[in-house]
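Hi,

Here is the structure I promised to pass on. Have a look first, and my notes on what turned up follow below.

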Amino acid sequence: MKIKTKYKLLSILIGSIGLILISRYVYGSDKYLGIFEITGYCNDEKCTGKNIGDKGYGITKSGKVAKWGTVAVDSKIIPLGTKLKIEGFDIIFTSEDIGSAIKKNKIDIWFPTHQDALNWGRQKRKVWIIK
């Protein structure tokens, strides 16, 4: 028997051992946006032009503190506040920021350090809007 929910597909297996619940993410119920170029950024001056103590340091365009799960997007393509699934990640990202170089099919993932952002580099990944 299969039970389909908004974000999960639960398969219930009934056997001699009893009930076993298996869940996995279902991309099919969400809106596929395509393949995006994914880069990384952090709060430091090299990425944002702001230093610790500057007004707005670490604050996104949406007014929230940048944290793991924050992404910068082209808000003409993906509205701020949108929940996103990026291929290869187990978390749901939220579009909370913009960037001068983030246009069309580009997304910038926030990282806690500049080195983490550099280590990520530039990758192409599939992206979905979570409904």
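To start with the strands: why is strand E7 (residues 92–97) largely enclosed by the rest of the structure? Because five of the six residues of E7 are buried. Buried here means under 20% relative accessible area, with exposed being over 50% and partly exposed in between, using a 1.4 Å probe and protein chains only. Strands (E, at least two residues) and helices (H or I, at least four) are DSSP runs, numbered from the N terminus.

Before you go further, some ground rules. This is a predicted model, with local features needing pLDDT of at least 70 and side-chain atom pairs counting only at pLDDT 80 or more, while totals for chains, interfaces and linings use all residues. Residues are numbered from 1 along each chain as its sequence is written, and side-chain values use heavy atoms, with hydrogens and water left out.

Back to E7 and its partners. Two strands pair if DSSP finds at least two bridges between them. E7 pairs with strand E5 (residues 70–72) in the parallel sense, over three bridges, and Val71 has Ser95 as its bridge partner in E7. E6 and E7 form a hairpin with five residues between them, and Gly88 in the turn has a positive phi of about 95°.

Leaving aside neighbours within four places in sequence, Ser95 is in contact (heavy atoms within 4.5 Å) with Val71, Val73, Ile78, Pro79, Leu80, Gly81 and Thr82.

Next, strand E4 (31–41). E4 runs antiparallel to strand E9 (residues 123–129), joined by seven bridges, and Tyr32 has Trp128 as its bridge partner in E9. E4 also runs parallel to E8, with five bridges between them; Gly40 is partnered there by Ile109.

The side chains of Thr39 and Asp108 are joined by a polar contact of 2.6 Å. That term covers a pair of N or O atoms within 3.5 Å; within protein, one must be able to donate a hydrogen and the other to accept it, and residues adjacent in sequence count only if both atoms are side-chain atoms. Not counting residues up to four places away in sequence, Thr39 touches Ile102, Ile107, Asp108, Ile109, Trp120, Gly121 and Arg122.

Now the largest pocket, which holds about 460 Å³ of space. Of the 25 residues lining this pocket, Tyr41, Cys47, Ile98, Gly99 and Asp108 are the closest to its centre. E4, helix H1 (45–48) and strand E8 (106–110) are the elements that give two or more residues to the lining. A pocket is an open set of points on a 1 Å grid over the protein atoms alone, where a 1.4 Å probe fits, with protein on both sides within 12 Å along at least five of seven lines; lining residues have an atom within 4 Å of a point. Points are joined across faces, edges and corners, and the volume is the space filled by probe spheres set on them.

Finally, Asp116 in helix H2 (residues 114–120) is partly exposed, with a relative accessible area of 30%. The C-alpha atoms of Asp116 and Gly40 are 7.9 Å apart, although 76 residues separate them along the chain.

Cheers
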